[in-house]
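Q: Please walk me through this structure one feature at a time, and tell me how to read each feature as we go.

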Amino acid sequence: MEKELDRYLFHKGEHREAYRYMGAHFEDDGVIFRVWAPNARAISVVGDFNGWNGDNHFMNKINPEGIWELKIPGLKKMDLYKFRVEQADGNVVFKADPYAFYSELRPNTASVLYDIPKFKWTDTRWMNKRITGLNKPMNIYEVHLGSWKKKENGDFLNYREIAEELCEYVKDMNYTHIEVMPINEYPLDASWGYQGTGYYSVTSRYGLPEDFMYFVNYMHRHNIGVILDWVPGHFCKDAHGLYRFDGTATYEYADERIGENREWGTCNFDLTRYEVQSFLISNVNFWFKEFHIDGVRIDAVANMLYLPNVDGLTNRYGGKENLGAVDFFKKFNSAIHDDFPNCVVMAEDSTAWPNVTKHAVDGGLGFDNKWNMGWMNDTLKYFEEDPLYRKDHHGKLTFSFMYAFSENYVLPLSHDEVVHGKKSIVNKMPGFFGAQLANVRALYSYQMLHPGKKLNFMGNDFAQGLEWRFYEQLEWQLLDREENKKVQDYCRALNKMYLKEKALWEDSWDTFEWIEHENHNGNTITFLRKTKDNSEKIIGIFNFSGESKIGYKIGVPEDKIYRVVLNSDDEKYGGTNFSKRKRYKAIAEEWNGRPQHIEVDICGNSVIFLKAEEKKIKTEEEVKEEKKEKTTKKRVIKTKKEEV
């Protein structure tokens, strides 16, 4: 009866743990194999245990919907296997198990007999306290495990080795989360994991499944969240993978206009097919339940939401929206949040699709966060301009605030911005090296004060010079140079400020105020972030011109003394120390529509963060009254002494 329910849920697209039924599982008297291939003529299990000859191990088709099953005794963990599939047209192919828990190291392609991994978790405290939401800090370090660091001989580090070194770095730099680029099994290193074959198989490049569990557990014990890049949009067309599994469109759309992703040379998942829905929903549940992952970032959502630009291809209403994908996202996010309400699901969506982060029951897609690709593109284009011409592009700085609270955004400076000839972050910047570094510090400062969660790719935080190369480690040797070390020091201080100041991570419309946004000729903007209860405020003054400004007037919200929290031009961060002032006293004169202002000295291409001190500035009348009281007290004391 239990197995019948598994089959029923699987074929209805409602199975949330299909991996416990499908694939290969050890039982007392052998290993039970199950695979879905509705149009296959025949399937046998082959492996090193039978000389890759399946004549004695043909599977039985156990239902009309296409599940095949066979139990084989005497097998052991780490045996290699594949499915020999006689496809609908009579062609014979050897397919890896879509539900395999482990796979051979590339270039080999066999699945490896491996049960659901077992691990002694010690992250209970983290798991009990983790919560999602707008009112929590989230500052993400995006990392590619194969190129963060390597062994001296160029080999990959093991998951366990990476865990300890990476955790130490992330903690020292004051990040809250890491986002790991795809670690499902994939055949081509140059795809970075985004063209997968083994969705339930932790890539063997860096070790065993238990080694990755150690990795996650270690991060959690040190209060670092772990987010995975996950790719439910498309898969690679390698012969051993999901592509035309039974000789027909099985995991991909039957309509080749939708199923073939010609831009990337891959195939798009058929999100309307129930068995594919069970496969994908179960996959995220697998990572969340078995590996304690804290969230997923879904890659290339736009590719899924819209139909390809093919003549005549529209939905039933004549539009270009992929209605099946929309329904899938609503179903997917509802199911995931039912089972794991404290895990995060992010969308990398480059379109203006509305209500991406609105609940599905309210008509949204149901994501927790959306990458703000508009902010990223506009911001980087602005910074690439010479300061002399930035006045003509001022809107690229200010436009994002028009929609900053329309979704729950993440501000990404990701791997995609430092590859394929786009240049590294530092080399996007205009000017000589010192000016480039000043602009890098200014960029990260702008990202930090802007509403939204934060994400920065590895190497950005110490101004790596080369574009990211997946085949070699980061340029760690640059930290021997004072200039790069000081940029890293600034990022560390910036991240620490973010953690400390609640005003920077409470993200809602009532936590932001413009002070000045129209000085396009001066290339300056000023705005503040505040807590929802208005008890704390941080002001950011941004001078994106190449010219320093003396006595620059800024309206301030309160009649207080304003303390410099952080100055990107500080000498210890590689700046010029143009202004050494640490405090500014409010002047009782209206400016920027506020009853008082301060006058700031600020270097070109720099940012100053200010916070009001609690002690209130005394008015002239209060000072006179205080002096009068002191004089009166002195007279009283003198009189008493004379009486004595």
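**Strands, helices and domains**

Q: How many bridges join β4 to strand β5 (residues 67–72)?

A: Strands of a sheet pair through backbone hydrogen bonds, either parallel or antiparallel. Here β4 and β5 run antiparallel and are joined by two bridges, which is enough to pair, as DSSP must find at least two. Lys 61 stands opposite Trp 68 in β5. One caution: this is a predicted model, where local features need pLDDT of at least 70, side-chain atom pairs need pLDDT 80 or more, and totals for chains, interfaces and linings use all residues. Residues are numbered from 1 along each chain as its sequence is written, and side-chain values use heavy atoms, leaving out hydrogens and water.

Q: In what order do the strands of that open sheet come?

A: Strands (E, at least two residues) and helices (H or I, at least four) are DSSP runs numbered from the N terminus. This sheet has four strands in the order β1-β2-β5-β4, with antiparallel pairing. At its edges are β1 (23–27) and β4 (60–61), each pairing on one side only.

Q: How many residues of α13 are buried?

A: Buried means under 20% relative accessible area, exposed over 50%, and partly exposed in between (1.4 Å probe, protein chains only). In α13, 15 of the 17 residues are buried, so the rest of the structure largely encloses this helix. The buried residues of α14 include Tyr 490, Cys 491, Arg 492 and Met 497.

Q: What does Asp 489 touch?

A: Contact means heavy atoms within 4.5 Å. Asp 489 lies in helix α14 and touches Lys 572 and Tyr 573, not counting residues up to four places away in sequence. Asp 489 and Phe 609 are 120 residues apart in sequence, and their C-alpha atoms are 16 Å apart in space.

Q: Which domains is the protein chain divided into?

A: The bounds come from an automatic or database domain assignment: domain 1 (1–113), domain 2 (137–503) and domain 3 (507–613). The C-alpha centres of domains 2 and 3 lie 32 Å apart, and their contact takes 31 residues from domain 2 and 39 residues from domain 3.

Q: How much area do domain 2 and domain 3 bury between them?

A: Buried area is the accessible area (1.4 Å probe) that two parts lose on being put together, summed over both. These two bury about 3000 Å², 67% of it on carbon and sulfur atoms. On the domain 2 side, Phe 405, Leu 449 and Ala 503 supply 23% of the area buried against domain 3, more than any other three residues.
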